[in-house]
Amino acid sequence: MYKLLFVCTGNICRSPTAEGIMRRLIQEQGLEDKIMVDSAGTSAYHSGDAPDSRAISCAFAHGLDITMLRSRPLRADDFAEFDLILAMDGMNIVDMEYRRPLGDDRYNHARIELILNYAPEFGQEVPDPYYHNGFDKVFTMLETACRNLLTQLTTQLG
């Protein structure tokens, strides 16, 4: 099973939105037995919280329910468990690399990339809508990136 982890700062806006989008796409293509998805935050500020109400509303407007998701912080074992960790912005990558345990090769398993590597037409970073309320724009960016990523994964995984 191929394992994806989406990461943003607090795991209440961008990464749970990406997780919800990818879960739906995986389900639509019947790939639940091949690809697993989760999300986390580089901070534990919102640990155990549901996604931001604005992210929930935006997802609902796109026919997606993310209310069951709960924020969790990035864990050391995530670097060993997941195949691909997708960051929303460059600071997330810096924070993740700072937290990646050293001295044990199993923590080098996960490849870390920016999610917008799969939708470069939007730039490099997904802006944090928590402060500037760009939830619809973020949803569009993430949906495009998730679709492109899934297309690439289905080709790789056969």
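Predicted model: local features only at pLDDT ≥ 70, side-chain atom pairs only at ≥ 80, totals over all residues.
Reader: Which residues line the largest pocket?

Author: The lining consists of Cys8, Thr9, Gly10, Asn11, Ile12, Cys13, Arg14, Tyr45, His46, Asp128, Tyr130 and Tyr131. The volume of this largest pocket is about 160 Å³.

Reader: How many of the lining residues are nonpolar, polar and charged?

Author: The lining of the largest pocket has 6 nonpolar, 4 polar and 2 charged residues.

Reader: Why does the pair of Glu81 and Lys3 tie together parts that are apart in sequence?

Author: Glu81 belongs to helix α3 (residues 78-81) and Lys3 to strand β1 (residues 2-8), so the pair links parts that are 78 residues apart in sequence. Glu81 is partly exposed, at 34% relative accessible area, and Lys3 is also partly exposed, at 23%.

Reader: Are Asp78 and Arg72 buried or exposed?

Author: Buried means under 20% relative accessible area. Asp78 has 0% and counts as buried; Arg72, with 10%, is buried as well. These two residues form a salt bridge in which the closest N and O atoms are 2.8 Å apart.

Reader: What is the N to O distance in the salt bridge of Arg111 and Glu113?

Author: The side chains of Arg111 and Glu113 meet at 2.6 Å, N to O. Here Arg111 is partly exposed, at 40% relative accessibility, whereas Glu113 is buried, at 13%.

Reader: Which residues do salt bridges with shared partners join into one network?

Author: Asp38, Arg72, Arg75 and Asp78 are joined in this way.

Reader: How many aromatic pairs are there, and what describes such a pair?

Author: In general, the distance of the centres and the angle of the planes describe a pair of aromatic rings. This structure holds 1 aromatic pair. Tyr130 and Tyr131 form it, with 5.0 Å from centre to centre and 80° between the planes, an edge-to-face arrangement. Tyr130 is partly exposed, at 31% relative accessibility, while Tyr131 is exposed, at 70%.

Reader: What sits over the ring of Tyr130?

Author: The charged end of Arg54 does, 5.3 Å from the ring centre. Tyr130 and Tyr131 are also among the residues that line the largest pocket.

Key: Residues numbered from 1 in each chain as written. Heavy atoms only, no water. 1 Å grid on protein atoms, 1.4 Å probe; cavity = no way out; pocket = protein on both sides within 12 Å on 5 of 7 lines; lining within 4 Å. Points joined across faces, edges and corners; volume = space filled by probe spheres on them. Nonpolar A, V, L, I, M, F, W, Y, C, P; charged D, E, K, R; others polar. Helix = DSSP H or I, 4+ residues; strand = E, 2+ residues; numbered from the N terminus. Buried < 20%, exposed > 50% of the residue type's maximum accessible area, 1.4 Å probe, protein only. Salt bridge = Lys/Arg side-chain N within 4 Å of Asp/Glu carboxyl O. Phe/Tyr/Trp six-rings, centres within 6.5 Å; stacked < 30°, edge-to-face > 60°. Lys NZ or Arg CZ within 6 Å of the ring centre and 35° of its normal.
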